[in-house]
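Me: Could you take a close look at the sheet in this model, and at the helices that pack around it? I would like one connected account, with the cut-offs given as you go.

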Amino acid sequence: MRSSRVRAGAVLVGAVVTAVTGCSSGSDDATTKTEDVVRPFKATPSASVAASPSPSAGQGRLVVSYEEPKKPADRRAEAFLKRTKALEGVARYADDIVALPYDVPLRAKSCGQVNAFWNPQTKDITYCYEFVDTLRQVYEKQETEGSAKERDAAVEQDLVGLTNGVLLHELGHGLIAMYDLPATGEEEDAVDQLSALLLASGDDEHQEYAIDTINAWSGLAEADAAGGIPANEYADEHSLDIQRFYNWSCWLYGSNPDAYKWIVESQGNPDGVLPEERAERCPDEFEKITHSWGTLLEPYLKDA
Ligand SMILES: [Zn+2]
């Protein structure tokens with residue numbers, strides 16, 4: 001059963017009230033409504049967008065690898081990633097959209113910390129088994145309906161979605177560094193915006209990944225608030241918090257207000273979580289994000 005609306009709505013409410021809840025998501029619904037969907041990077045290139053990337057764009061791709069887990073607890077994350085091919089999936093998705101100047105390793109490994117990051121020295125992206133494991137626990141608190149097997153499957157779908165949300169964010173850091181992009185403002189916000197843009201402007205499956213990502217921020221914010229996850233677990237520059245949750249909710253809503261009006265709290269929709277005052281600005285915010293990133297990446301975008 002595909003029930004992302006109900007599920008996300010319930011979880012979104014959970015973030016600001018108390019009980020986090022949710023029902024299973026699914027990707028069994030193959031219908032796509034691409035005509036409703038903004039596809040800024042792939043659908044309708046303007047005359048100024050080259051049919052192929054500029055020569056400086058390069059032929060690089062994301063290259064996935066798995067390091068042997070350093071502790072037994074990380075084996076589950078390794079097995080999950082290999083089984084679902086989540087990393088290969090996000091690599092293929094990104095590679096279809098944007099050219100890289102050279103191959104960029106995407107390494108799954110034991111890090112000794114809960115993290116995912118772009119390393120500007122080694123020019124690679126690391127996805128820590130510990131991050132997957134911790135977020136599994138977050139989603140397990142949200143996926144409370146159905147049999148154990150169904151809950152497990154739902155959690156893994158959530159994790160695949162989040163893996164996309166997080167790694168497209170890290171790729172954003174990489175793109176800014178590799179192409180020396182003049183991204184303005186707080187880089188963390190800018191690359192969150194890129195990740196949200198890439199998912200929200202994708203097909204139904206990738207839009208679902210955006211919802212999974214939003215639910216992760218809500219669960220993490222709740223865990224932070226409850227003291228369940230020490231803040232120093234996230235000691236890098238990323239702010240995994242309620243603000244990120246609202247931003248992503250806003251951008252997803254803004255990408256398609258008709259489809260995502262259930263996110264907005266109103267008299268007719270008390271279960272929505274995005275305040276109307278913020279929601280009003282979201283279509284504009286999303287348009288600006290689309291324009292900014294479209295401009296920054298224009299020389300590096302692949303064929304429509
Ligand atoms: Zn970041």
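Reply: The open sheet has four strands in the order E1-E2-E4-E3, with mixed pairing, where strands (E, at least two residues) and helices (H or I, at least four) are DSSP runs numbered from the N terminus, and two strands pair if DSSP finds at least two bridges between them. Strand E1 (62-66) and strand E3 (116-119) are the edge strands, each pairing on one side only, and the twist from one strand to the next averages 20°. This is a predicted model, in which local features need pLDDT of at least 70 and side-chain atom pairs count only at pLDDT 80 or more, while totals for chains, interfaces and linings use all residues. Residues are numbered from 1 along each chain as its sequence is written.

E1 and strand E2 (residues 104-109) run parallel and are joined by five bridges, with Tyr-66 standing opposite Ala-108 in E2. Helix H4 (residues 129-142) packs on the sheet, touching E2, E3 and strand E4 (124-128), where contact requires C-beta atoms, placed from the backbone, to lie within 7 Å. The direction of H4 makes about 45° with that of E4; axes are lines fitted to C-alpha atoms, for helices over the stretch in contact, and angles run from 0 to 180 degrees between N-to-C directions. Helix H5 (residues 148-178) also packs on the sheet, touching E2, E3 and E4, and its direction makes about 15° with that of E3.

H4 packs with helix H7 (residues 204-226) as well, at an angle of about 95° and with their axes 9 Å apart.

Key. Contact = placed C-beta atoms within 7 Å.
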